[in-house]
Amino acid sequence: MAHANRHVKLDEVWDKLLDGINHVYQFQSMKKQAYMLLYTHVYNYCISNPNQLKGSIVSSKGPIADLNKINPQHGANIVGGELYNKLKNYLKNYLEDVCQCGIDLQGENVLRFYTTRWEKYQFSSKMAMETWQKVVFQPLYKQVTHACLELIKAERNNEIINTHLISGVIQSYVALGFTEDTTNSNQMISPTLTIYKDFFELQFLQDTEQFYRLEAATFLVHNSVTAYLRKVAQRLDEEIHRVQSYLHSSTLPALIKKVEEVLIRDQLETIYTEAKTLLHDERNHDLALLFKLVSRIPNATNELKRIVENHIYEMGFQIIERINTSAINDPKLYIETIIDIHKKFLALVQDAFGGEQGFTAALDKACGKFINNNLVTQTAGSTTKSPELLARYCDALLRKGSKAVEETDLEEKFNQIMIVFNYVEDKDVYQKFYSKMLAKRLVGQLSASDDYEESMISKLKQACGFEYTSKLQRMFQDIGVSKSLITEYEKYCEIHHIDNKVDFSIMVLSSNSWPFSASPTFALPIELKSTFDSFTEFYTHRHNGRKLTWLHQHSKGELQTYFTSQKYILQVSTYQMVVLLLFNRVLTWTVEQLQDETQIKLELLLQILLGLIKTKLLICSDINEDEFDDDLKENDIKTNYSIRLATDFKSKKLRINLNVPLKSVEQKDIEGVHRTIDEDRKMVIQAAIVRIMKARQSLKHALLMQEVIQQLSSRFRPKIPVIKKCIDILIEKEYLERQSNEKDFYYCKNTISADNYAVNNKNHYCLNFFLKPPSIELTKQCQVCFDEKSEEDFRPNYNRQCSHTKRQMCTDYVRCPELNCVGNYASVYLVCTWMWNGTIK
């Protein structure tokens with residue numbers, strides 16, 4: 001009886017509910033009181049049997065919401081189950097009628113029908129997605145999806161479409177992803193996008209690939225690659241906008257990836273070819289677009305970097321090739337051309353590639369290649385030509401009278417020089433030439449500014465470390481010490497009543513810091529002898545044991561003429577002074593007599609005479625006018641030729657500079673530097689090998705080579721055969737040994753010391769750095785130091801301590817910086833400027 005009553009109540013409740021449901025699905029308005037009445041009927045039905053409430057869930061939204069959470073598998077055993085089943089049947093019948101209305105529609109008609117019905121249904125039945133999916137979606141999805149894809153294709157072909165229709169379909173597909181969780185009381189779970197991805201996105205991506213593959217092939221046939229790149233950029237923007245407008249956001253990554261693969265990745269060879277054309281035509285704006293697109297493909301920029309590197313190298317090589325003839329002897333032209341090339345391609349990297357690190361590295365690699373290997377270096381037969389010309393360019397900027405000093409900002413020039421310097425491999429060559437030229441500027445007082453000199457040295461120190469510039473800085477220290485020394489000498493002369501001296505200034509230079517060598521001996525004029533002797537006595541008394549070496553080739557002085565009606569002041573070298581003062585005794589000399597009197601080497605004497613003859617201060621009657629006009633050379637002057645003073649000498653200038661550097665001497669200096677480079681490098685390589693082996697004790701050949709190259713690469717690139725030769729030398733001297741059963745394995749012998757290495761080293765270098773790791777900067781004392789004497793005359797006392805206390809340790813092959821070393825014996829250079837008002841009567 002209870003069962004029959006329940007059916008009556010169910011039918012009564014359903015009849016009342018059916019009227020309200022019809023109002024909803026016929027889109028008729030419903031008053032709030034009517035809705036509350038329906039709510040009351042459902043509520044009363046559910047509580048009519050208290051035992052049925054067990055396990056039921058009452059939502060804050062009311063029983064209707066609870067009905068949708070009922071598991072249909074439990075049927076009448078769950079409160080409200082009968083009502084839930086009746087509602088599902090109603091929706092199924094309703095949607096079947098709806099579906100029949102649209103089953104035959106196509107194109108936009110089916111989209112319009114689907115989206116309209118979906119919006120109404122969704123508004124009326126937010127929780128009845130499963131029924132829509134089975135009754136409406138399954139029969140119509142093929143037509144609906146196809147219609148959407150056709151509209152998208154039309155839009156890609158620049159047709160105007162109703163995007164609202166597609167948006168409605170997409171929203172439907174996404175919403176249908178809400179599914180009922182049958183394992184948890186029919187609760188709704190978040191969308192899985194399964195329907196959207198399986199029934200739309202998959203086909204959409206396939207159509208996208210087909211569309212763009214066809215478009216790419218067709219477009220490239222009728223248009224340039226640059227126009228194609230602009231089209232690709234446009235298409236990518238369109239697809240992003242398309243997703244933002246009416247597709248689901250999860251489609252964007254897959255869609256963009258697909259477009260990139262079809263339009264960019266599959267056309268990379270064509271794009272790379274176009275990149276070469278754009279580089280050649282200097283179309284940086286188009287290159288920027290190309291780079292932006294190519295960078296979307298993983299690792300695709302690697303080939304682009306290689307193309308850019310090759311282009312920069314080829315252009316740099318070609319530009320230098322065009323100026324090869326002039327640039328080989330014109331440092332300004334060569335270096336400024338390199339600076340212009342770098343500036344041009346740096347702008348390319350920044351403008352076209354956004355200064356991306358990989359392209360900056362490509363620029364650096366290309367510049368390093370063409371700077372160290374170009375037609376100028378090939379013509380010179382050595383890669384050391386670039387650092388030589390760079391050093392000469394610096395010398396031109398830093399000398400007095402340089403137009404660059406007056407016209408440009410030298411700090412900016414120095415920064416540009418450092419850019420080129422960083423690309424130079426043979427930095428040791430630059431150091432040698434720079435130190436040589438700096439020494440000449442300081443000795444000849446030719447520097448435009450001490451501040452500029454110190455600024456340049458500071459930049460080099462920053463780039464290469466303290467030891468690279470330590471000699472250069474000590475040169476400045478010597479100049480400062482020399483100024484105070486002159487004052488002390490003046491006091492010495494007053495105390496000892498020395499009056500017959502010539503006014504002069506002198507520079508005392510430590511031989512280990514200055515790249516000079518002793519000058520050839522010659523007979524000093526009697527007029528200078530007393531001053532020479534007095535200063536020598538003063539200095540040796542003040543510094544007992546130091547050896548003085550006078551550098552006459554770098555000394556100079558002034559002479560005044562009394563044999564002419566107009567008095568002239570002649571600025572001359574010491575050698576020129578010696579020759580001219582002889583004419584106070586006799587007006588005519590033969591070349592042979594001049595050599596006997598001065599003791600100057602004939603080759604040098606002929607160069608001096610040639611310069612004086614060309615200035616018409618001396619006359620050689622044995623040379624006729626025709627020979628004189630035809631580029632007279634020193635070899636044209638014979639030893640039996642007579643040389644006389646030109647008593648009728650005239651000049652427009654009252655102060656005449658005759659102390660012009662001899663080109664042959666300058667050329668010999670350059671050749672001398674190049675000759676010493678290889679020998680010095682061998683010593684540095686040997687030092688590096690010993691340092692490494694002392695730290696490792698044993699090492700394989702390949703690893704030793706690798707470490708030597710790594711340690712020395714900041715100064716120069718050591719050649720493999722030279723390293724092997726140095727290893728053989730050290731084995732021969734018993735500093736290293738090979739394992740008998742393993743020839744490529746080296747051992748450091750326990751007998752290695754600075755002592756026995758230095759005894760065999762004819763240059764007598766301080767080798768304490770052999771015994772210390774490179775990271776150590778200070779050492780309490782040197783192991784052993786050597787002077788300038790020969791091995792036959794001197795053997796060091798190894799048990800004797802050096803007087804260096806806490807001096808900076810050597811990290812390169814340099815002579816010991818301590819002047820008062822073992823045996824209190826050291827060498828000092830003297831450069832003199834004679835201020836004596838000497839006369840030629």
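Predicted model: local features only at pLDDT ≥ 70, side-chain atom pairs only at ≥ 80, totals over all residues.

Student: At what angle do H13 and H15 pack, and how far apart are their axes?

Tutor: H13, residues 301-322, and H15, residues 331-353, pack at an angle of about 155 degrees, and their axes are 10 Å apart. An angle over 145 degrees counts as roughly antiparallel, and therefore H13 and H15 are roughly antiparallel to each other.

Student: Which residues of H13 and H15 meet?

Tutor: On the side of H13, they include Leu-304, Val-308, His-311, Ile-312 and Met-315. Among their partners in H15 are Tyr-334, Thr-337, Ile-338, Ile-341 and Phe-345.

Student: Let us turn to the sheet. How do strands pair in general?

Tutor: Strands of a sheet pair through backbone hydrogen bonds, either parallel or antiparallel. In this structure, an open sheet of three strands has the order E7-E9-E8, and its pairing is antiparallel. Strands E7 (588-590) and E8 (618-620) are the edge strands, as each pairs on one side only. From one strand to the next, the twist averages 30 degrees.

Student: How many bridges join E7 and E9?

Tutor: There are three bridges between E7 and E9, the latter being residues 642-645, and the pairing is antiparallel. Within this pair of strands, Thr-588 stands opposite Arg-644 in E9.

Student: Which residues of helix H26 are buried?

Tutor: The general idea comes from helix geometry. An α-helix has 3.6 residues a turn, so residues three or four places apart point the same way. In H26, which spans residues 591-598, the residues Val-591, Leu-594 and Thr-598 are buried. They cover an arc of only 60 degrees around the axis, so they lie on the same side of H26.

Student: What covers the buried residues of H26?

Tutor: The cover includes helix H25 (574-581), strand E7, helix H27 (602-614) and strand E9. Two of these, E7 and E9, are the strands that pair over three bridges. After H26 comes Gln-599, which has a positive phi, near 65 degrees.

Student: Is Lys-682 buried or exposed?

Tutor: Lys-682 belongs to helix H29, residues 663-696. A residue counts as buried under 20% relative accessible area. Lys-682 has a relative accessible area of 19%, and is therefore buried.

Student: Which residues does Lys-682 contact, leaving aside its neighbours within four places in sequence?

Tutor: With those neighbours left aside, Lys-682 is in contact with Val-722, Lys-725 and Cys-726.

Methods
Residues numbered from 1 in each chain as written. Heavy atoms only, no water. Pairing = 2+ DSSP bridges. Helix = DSSP H or I, 4+ residues; strand = E, 2+ residues; numbered from the N terminus. Axes fitted to C-alpha atoms, helices over the stretch in contact; angles between N-to-C directions. Buried < 20%, exposed > 50% of the residue type's maximum accessible area, 1.4 Å probe, protein only. Arc of directions from axis to C-beta. Contact = heavy atoms within 4.5 Å. Parallel < 35°, antiparallel > 145°, perpendicular 65-115°, else oblique.
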